[in-house]
Structure formats: C-alpha cells, structure tokens
Amino acid sequence: MTVQERFLEYVKIHTTSDEASQTSPSAARELDLSRLLVRQLKEIGLQDAFLSDTGYVYAHLEATPGREDAPALGFVAHVDTAPCFSGENVQPIVHENYDGGDIVLPKGNCVIETQAFPFLKGLKGRTLITADGSTLLGADDKAGVAEIMALCERLAAGDVPHGRICVAFTPDEEVGSGTTHFDLKAFGADFAYTMDGDEVGGIEYENFNAAGAVFDITGVSVHPGSAKGIMVNAAAIACEIVSLLPPEETPEKTEGYEGFFFAEEISGDCAHAKLSVIVRDHDAERFAERKALLCRISETMQAKYPTAKVRLSVKDSYYNMEEKIRPCIHLIENAKKACEAVGIAPVVSPIRGGTDGAHLSFMGVPCPNLGTGGHNFHGPYECISVESMNAAVDMMCELVRLYSEQQ
C-alpha cells in the first residue's frame, strides 16, 4: 500500500479520544484503528506486533545482518484525534494537481483561503488532501501513523539496511494521556522520534513546560435587592482574576519561545465559579514565576473578599525535553542530515505545546518530534499533501540508514 492509500483508510476510522473518560484507551473506538494496525504490521512482516490491554500497539523489525550492534531506533505516533472538533465520518477529498487557490469544501460553508493560509500557494501542483468541511481531517496524527507503516513496509522489503526498529502507536495523546501506560520494555528503543509535527522537515526538541491551574471560587449569594455589603459574586471574581493576568502574555499575542497564560474556561454563577488557566513557558525559571504569580493572585483575591473562598490548584503537565535531548544531540544532527539527503530543508523550531516525545524523554528514551507534512490541525481547514508524506517516509528511511551505520 502507498502512504496515500494508508492515510485515506485510516482517517475514515473514528478515533476521537474522550477527555472525560478514566479508561485507557479513553474511547473504545480508538481500538478499531489499533487492531487494524496490528493486522497490517503482521502482514508486512513484523510478526511480534501486539495490542496491549491499555490500547498501545508495539512491534519490532529485527536488524539486518551485520547491523545488530546499531542502536535500536523507535518511531511513535498516536491513533486518536482531537476532541475539540468532530472526527466522526471523515470524508477525505483528494485534490489532484492543486491549483494554488482557495479551496471550497462542500460542507459547513468552509473555504480554506490562501489569504488566511498563505502556505497554500507553495503547494500548487501537488496532490492535496482535505476533509469535506464538516470534520477535521485527522492528519494529526494519522499522517504519522501512515508514514511509520509505509516505513515498516519499505524496511521489511529489504530496501534499506537497518538496526532494530521499534514501533509504537499510542492512544489518547490529544487528551494528555498518550504515555500514561507506555511500556518502555515492550517498546525496546534506545532512541526514538515521534512523527507528530506539522511541516515536513520540522525538527522539534524544545517544548513548553506546562501546567494547568483551576481557581475554585465560592461566593456569597443573596437577593440582589438587599445585597449591598453582603453579596460576593463568584463569577465576577473569576473575571477579575483574568484581568490580573498579563494582557500581552496570551496565546494570541505570543510566538516562538514566548510563554503565556491562557484563560481557557470560565463557568459558574454568583454562588460558585471555576476558572481554568493554562500556563506555558519554555524557560523553567519563568515557568515557576508564572505559577507563583497565580498563587499571589489567589491570595490577593482571598484577602480582598474575606467572606468568599478562593482556592487554587496547580498541576504540572509536562516539561521541556531539551535537557534530555541535549546530551543526545545526534538525534537532531542526524535528523538534519536525513532531511538534507532527500532534498528537504530542515527547520529546527520550538514546539508551542507538547508531545508524547516530551514524556518519553523524561521516562528514559530521548525522543524529539518530526514533521509529517500536515497543516491547520484540529479543525476543518486541515490539509496535507501526498508529496509531503512521501518525503517524510524518505527522510525516515535515511534516518534509519544513518543509525544503522552507528555501531
């Protein structure tokens, strides 16, 4: 199967993860794709492929003769799609010889406009894949899944010398649980790459330090007609807390290495309200300062409104994997070489988010992130070119070859 054929098959399988679930995988539908992958891996020749009881797929391809002492190299992608937009009944549309103009999708009054997405002009002449406007496409991360599967098929055919290759497909990355039950022993890699980025040639090994904060506010609710000096409006306190966050340090006003506060959700009423805030920063010291600011705001609000209750909980989500990758900088240098060898311009940039690779790096397997070729993830404007997916597979093959020579 070509990488295009695999991708078109995989995106039609509904695998949206469930934020409210406490199971693994969070949604049983994710297993529909995982079971298919196990079958296909065995058909390719990775006979030890299996699905764990928590929804993880593991498989291995043993080293070609003479390359047994090369590092065991892993590739990881996630099967779930983001719950922020519908991933059910995805109908992919193939636009052959794309003309470089606006793309009018048949549903949802959706137009992927070149004015909003100027990168489209650079895809002129390619075979472009979109959804129909009513769902996301699922290139995040079924492009990565399809590319790893295409890599395995090519390696199993004997086209490229390789050391031991380790493959893992995880559930629930989109809801922050992609590595919760990851079995490092079953995976068996010395080093790995997540195929979960966007632009092909993208190389990412610096991600945010991340935390989630929740302000839980209990007000004093009385009849508004006799409220003077008594009422304390919990919803108003939540809004006031938002006003105390640095106004220029929000997602829509920052880029690159700049961190931010994101007031993600406010809910409630006069009696009780909740405010959820996402905290992000690449720098560990600045990350700590951001969390300290939230604590000071909570204390200030409690002192200002003594008859209310203002409670703050902060939970770290993940950390910047740079400190784990720096001692293994060959992962980045080899990724650059692999890109250049197949005619792709390498682009090293920080991730304004996190990946399974960040967790895996702190678990003991250094694991930067590579681009799959997709664009506009998590919504109806998502698209990817077949040429980019093929280029990603070529780059992965070159990576495998490079590591096979390192005894």
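This tour moves through the structure stop by stop, naming what to select and what is found there.

The model is predicted, so local features need pLDDT of at least 70, side-chain atom pairs count only at pLDDT 80 or more, and totals for chains, interfaces and linings use all residues. Residues are numbered from 1 along each chain as its sequence is written, and side-chain values use heavy atoms, with hydrogens and water left out.

**Terms for the tour**

Helices (H or I, at least four residues) and strands (E, at least two) are DSSP runs, numbered from the N terminus. A residue is called buried under 20% relative accessible area, exposed over 50%, and partly exposed in between, with a 1.4 Å probe and protein chains only.

**Stop 1: two cis peptide bonds**

Select serine 24 and proline 25, which are joined by a cis peptide bond with omega of about 0 degrees. Proline 25 lies in the loop between α1 (3-11) and α2 (30-44). Next, select aspartate 140 and aspartate 141, where a cis peptide bond has omega of about 10 degrees. Aspartate 141 belongs to helix α3.

**Stop 2: two residues with positive phi**

Select asparagine 109, a residue other than glycine whose phi is positive, near 50 degrees. Asparagine 109 sits in the loop between β5 and β6 and counts as exposed, at 82% relative accessibility.

Then select aspartate 172, which is not a glycine but has a positive phi of about 65 degrees. Its place is the loop between β8 and α4. Is aspartate 172 buried or exposed? At 1% relative accessibility, aspartate 172 counts as buried.

Glutamate 174 is also in the loop between β8 (165-170) and α4 (184-187), and at 17% relative accessibility it counts as buried.

**Stop 3: aromatic pairs**

Rings of Phe, Tyr and Trp (its six-membered ring) pair if their centres lie within 6.5 Å; planes under 30 degrees apart count as stacked, over 60 as edge-to-face and the rest as tilted. The structure holds 10 aromatic pairs. Select phenylalanine 182 and phenylalanine 187: their ring centres are 5.2 Å apart and their planes stand at 85 degrees, so this pair is edge-to-face. Phenylalanine 182 is buried at 8% relative accessibility, and phenylalanine 187 is buried at 0%.

Move on to phenylalanine 208 and phenylalanine 260, whose ring centres are 5.4 Å apart with planes at 85 degrees, so this pair is edge-to-face. Which parts of the chain does the pair link? Phenylalanine 208 is in the loop between β10 (202-204) and β11 (209-218), phenylalanine 260 is in strand β12, and these distant parts are 52 residues apart. Phenylalanine 208 and phenylalanine 260 are buried.

To finish this stop, select Phe50, Tyr56, Tyr58, Phe182 and Phe187, which form one aromatic cluster.

**Stop 4: salt bridges**

Side chains of opposite charge can pair when their charged atoms come close. A salt bridge here is a side-chain nitrogen of Lys or Arg within 4 Å of a carboxyl oxygen of Asp or Glu. How many salt bridges does a search of the whole structure find? The search finds 17 salt bridges.

Select lysine 107 and aspartate 132, a salt bridge whose closest N and O atoms are 3.7 Å apart. This pair links distant parts of the chain, 25 residues apart: lysine 107 is in the loop between β5 (103-104) and β6 (111-112), and aspartate 132 is in the loop between β7 (128-130) and α3 (139-156). Lysine 107 is partly exposed at 41% relative accessibility, whereas aspartate 132 is buried at 4%.

Select glutamate 248 and lysine 253 next; the closest N and O atoms of this salt bridge are 3.6 Å apart. Glutamate 248 counts as exposed at 53% relative accessibility, while lysine 253 is partly exposed at 45%.

Continue to lysine 336 and glutamate 333, a salt bridge with its closest N and O atoms 3.6 Å apart. Because they are 3 residues apart in helix α8 (residues 330-341), about one helical turn separates them. Salt bridges that share partners also join Glu249, Asp281, Arg286, Glu289 and Arg290 into one network.
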